[in-house]
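Thanks, everyone, for making the time this morning.

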Amino acid sequence: MKRNHLQAAFEKQKRFKTKVEGYRKKPLDLSKAKEVPEGLYEKCDQCGKALISKDMVKNHYVCPACDHHFRLRAIERISITVDPHSFIEKGLGFITLNPLFVDHYENKIAEYKKATSLDDAYIYGYAQINNNPLVLGVLDSHFMMGSMGSVVGEKVAKSIEYAMVKRLPLIMFIASGGARMQEGIFSLMQMAKTAGAIKKLHNQGLLFISVLTHPTTGGVTASFASLGDIILAEPKALIGFAGPRVIKQTIKQSLPEGFQRAEFLLEKGMIDKVVHRKDMRETLHKLLVMHQRG
Amino acid sequence: MDILQKEQKLLKLEEELRSLDDETAIQEISDKIKTYKQHMMSKLTSWDRVLLARHVKRPGTQDVINYLFEDFIELSGDRLYEDDQAIIGGLALFEDQPLTIIGQRKGKNTEDNIKNNFGMPHPEGYRKALRLMKQAEKFNRPIITFIDTPGAFPGIGAESRGQAMAIANNLYEMSDLKVPLIAFILGEGGSGGALAIGVGNRVFMMENSIYSILSPEGYASILWKDAKKAQEASEVMKLTSYDLKEFGIIDGIIQEPIGGAHHEPIKMYEAIYRTLRDTLRELNDMSRFELATERYNKYRKMGFLQRFNYENLQEVVK
């Protein structure tokens, strides 16, 4: 019998697995987010000011000089958004495969796993904001630009289904370059999968708040990220379908100032509100309270 | 030698054939053409199929509509901004059953292509498509879509008017439509721009069409920083009908004549006719609820991954 391509990909992964040090078996340790050694400095990408890392945490990872919002790791995002110790991670044990046999894809995934201690770019779980329960999903742009492959798509759908089972509101923080090229057509299909799952959520009358952070582009913007009942965005976040470089190449013109930034989308009526990071938790809290019934 | 060069050679042989009077010579050349077709043009690489899918003479949505539906009535506009010429929509009768038809349309010449934006829709196009789909649902008409686009248009206007939101909204609504949705990929199935009218109960691909997350050129420039490696990329990407059938992404392949559909378009139209007839018969028997559930479950299952269940140490492969 002719060996199926996908069977072969799966077997290859099995062989590969022996080479990589285990898969994450425990939920993410959030206390790590706050552990910043003394005397460490960081430089703001925007204004170049040197900032003490410890102060950064206190300042919600926003530059005090120029208000630049730093890109957050998933654990940092969770720790500044929800009540301490309230987050319980769900959906462990997903393993990313290499269906198209793209060279070095397994190695890349293994490197990102090590660097971020995530399984893939998306994590979700139960959480509380000021004691209001919710399902929180976070895309981490430090893991392969937060791109959506089969595992991310599946986990996004699972988090939506988890919200439906528990009948809880769903909040997602998006940061993604779009679909994951290495997984080809499977990544594309995740758009239909996740958008369909959101439709089910809406049919059940549950709240979905989508928070777009820098950057939100491509297949993720064109599926679940744009389907929130309420869409918030962080200041100056890049949000769009095609990337600015692609648009520039296609139309052979320079792009207007501030194009595809959160403020631009607000002006064009595509999002509800631009919310500064220091106000995000409070805004989400208010929205959650306003959607409580009976 | 790629398929286009082979095609040039075939054209030369055919020209030679026309200039001949002698019967034995005619026989000789036509035998030669036959063997040439069978040996040189029946085995195609992925890149050959990319070239065929983009062939200027390839029959497009408009041609298929003209052949299959005699009394097609075009319906226009998204009721919000303007009428996008890259997407054509309308109503037709097929074996006495009214259908809603939606498809991306490419032009046959430069003038048409500029009017149709080379088959690359703006948000208006997707909103028009959605309007017609919701209308079809209201009147219980099956929806037939024809996909032939390099992708959704990347431009300032498209972004300003919410290209991403328009596509997302189509995916969202299509997952729950209560009528049959049958999609045919005729030429290029480019990324989200194709999927935005292609979430079907059944999806069929022409043998030499392609369906991918990105153009091979774009893929090569992202992964290898070199757009010239498109040919190599097309092999890696698994974008042909045969690959996608094996992956379970599409439901069927519609055979084309040797050398591509443009050699004998009627064969392709007839094959689409037969497939459409059979599929409609099958789906017409399903209830509104079943149609939506089946479609949702189909896409819900898509993906290739593994889950390790640590509690009972079982591997689950999807």
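How much space lies in the largest cavity? Before I answer, please keep in mind that what you see is a predicted model, and that every value I quote is computed from it. The largest cavity holds about 90 Å³ of space, and the count of cavities of 30 Å³ or more comes to four.

Let me stay with that largest cavity for a moment. Its lining is made up of 16 residues, and those nearest the centre are L72(A), R77(A), L139(A), A175(A) and T213(A). If you look for the elements that give two or more residues to this lining, you will find β6 (132-139), β7 (170-176) and β8 (208-216), which belong to chain A. Of the contributors, β7(A) gives the most, with three residues. Sorted by class, the lining has seven nonpolar residues, five charged ones and four polar ones.

Now to the interface of chain A and chain B, where 71 residues of chain A are in contact with 52 residues of chain B. The area buried between the two chains is about 5400 Å², and carbon and sulfur atoms give 71% of that area. Three salt bridges are found across this interface.

Is I213(B) buried or exposed? With a relative accessible area of 4%, I213(B) counts as buried, because the cut-off for buried is under 20%. Setting aside neighbours within four places in sequence, I213(B) is in contact with A179(A), R180(A), M181(A), G184(A), S187(A) and L188(A), and also with S191(B). From I213(B) to A194(B) the separation is 19 residues in sequence and 9.4 Å in space, taken from C-alpha to C-alpha.

The second residue is S175(B), which is placed in the loop between α8 (163-174) and β5 (181-190) of chain B. S175(B) is buried as well, with a relative accessible area of 6%. Not counting residues up to four places away in sequence, S175(B) touches G196(A) and K199(A) on one chain, and A292(B), R295(B) and Y296(B) on the other.

That is where I will stop, and I am glad to go back to any of these residues on the screen.

Definitions and conventions
Residues numbered from 1 in each chain as written. Chains lettered and ligands numbered in written order. Predicted model: local features only at pLDDT ≥ 70, side-chain atom pairs only at ≥ 80, totals over all residues. Heavy atoms only, no water. 1 Å grid on protein atoms, 1.4 Å probe; cavity = no way out; pocket = protein on both sides within 12 Å on 5 of 7 lines; lining within 4 Å. Points joined across faces, edges and corners; volume = space filled by probe spheres on them. Helix = DSSP H or I, 4+ residues; strand = E, 2+ residues; numbered from the N terminus. Nonpolar A, V, L, I, M, F, W, Y, C, P; charged D, E, K, R; others polar. Buried < 20%, exposed > 50% of the residue type's maximum accessible area, 1.4 Å probe, protein only. Contact = heavy atoms within 4.5 Å. Buried area = accessible area lost by both parts, 1.4 Å probe. Salt bridge = Lys/Arg side-chain N within 4 Å of Asp/Glu carboxyl O.
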